[in-house]
Amino acid sequence: MGAVLMGLFPELDEDQTIKNVKYYFEHEFPRLKARSHMNIASIQSPSFDTVGTSGTTRNTQEDKIMGQLWAIDLVKATYKVVDRMPDGPDNHYFKTIMKYCFLYGEGNTSALEQSKYESSRYFECKRMAMLYFADAFSDYYDMEVNVMKTENSGV
């Protein structure tokens, strides 16, 4: 009788997950940083003059504050997750790669120099670092894409 393998986690679509991590750092993270630095004092008090309006119960000022607090939380979480990633020669320099490529915005050249890897090994470790980040960051923001298995496809 053969051994039955049971995975604790669903199979990951690594390529799509890596695309999501890149998109987050290239498009969403800069916007979150900008939004998290908004001056809360610039938010106006709500107007209670309802004459001539159709009226809405939505508090847009509260929405702005909540959006800013959400952005602050995600920015802090991003730095925290990257800071707690494994680093050093025995741990693939995940933190170094993520910091130089995405947090410092210096790209592959600086990260490659800092990691002291050959190019092919560096890009292999960068892929692993982005997958590690997606997994570690999933409590805050889900970037992982799972492979959907269907009976007909055999996948």
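Contact is taken here to mean heavy atoms within 4.5 Å. In this predicted model, Met98 touches Val21, Phe25, Val82, Met85, Leu103, Ala129, Met130 and Phe133, when residues up to four places away in sequence are not counted. Met98 is also listed, together with Val21, Tyr24, Phe25, Phe133 and Phe137, among the residues with the most contacts inside the largest nonpolar core, which has 32 residues. At least two residues of this core are supplied by each of α1, α2, α3 (94–103) and α5.

Two packed helices are described by the angle between their axes and the distance between the axes. For helix α1 (residues 14–36) and helix α5 (residues 119–136), the axes come within 9 Å and cross at roughly 80 degrees; because angles of 65 to 115 degrees count as roughly perpendicular, α1 is roughly perpendicular to α5. On the side of α1, this contact is made by Glu14, Asp15, Thr17, Ile18, Val21, Lys22, Tyr24 and Phe25, and on the side of α5 by Arg127, Met130, Leu131, Phe133 and Ala134. Sorted by class, the residues of the contact comprise 8 nonpolar, 1 polar and 4 charged.

Helix α1 also packs with helix α2 (residues 60–83), their axes coming within 8 Å and crossing at roughly 125 degrees, which makes α1 oblique to α2. The crossing of these two helices, α1 and α2, is left-handed. Tyr24, Phe25, Phe29, Leu32, Lys33, Arg35 and Ser36 of α1 meet a set of α2 residues including Trp70, Ile72, Leu74, Val75, Tyr79 and Val82, and the contact of α1 with α2 divides into 11 nonpolar, 4 polar and 2 charged residues.

Key: Residues are numbered from 1 along each chain as its sequence is written. This is a predicted model: local features need pLDDT of at least 70, side-chain atom pairs count only at pLDDT 80 or more; totals for chains, interfaces and linings use all residues. Side-chain values use heavy atoms; hydrogens and water are left out. Axes are lines fitted to C-alpha atoms, for helices over the stretch in contact, and angles run from 0 to 180 degrees between N-to-C directions. Helices (H or I, at least four residues) and strands (E, at least two) are DSSP runs, numbered from the N terminus. Angles under 35 degrees count as roughly parallel, over 145 as roughly antiparallel, 65 to 115 as roughly perpendicular and the rest as oblique. Ala, Val, Leu, Ile, Met, Phe, Trp, Tyr, Cys and Pro count as nonpolar, Asp, Glu, Lys and Arg as charged, and the others, Gly among them, as polar. A crossing is left-handed if the near helix is turned anticlockwise from the far one by less than a right angle, and right-handed if clockwise. A nonpolar core is a set of buried Ala, Val, Leu, Ile, Met, Phe, Trp, Tyr and Cys residues joined through side-chain atoms within 4.5 Å. Buried means under 20% relative accessible area, exposed over 50%, partly exposed in between (1.4 Å probe, protein chains only).
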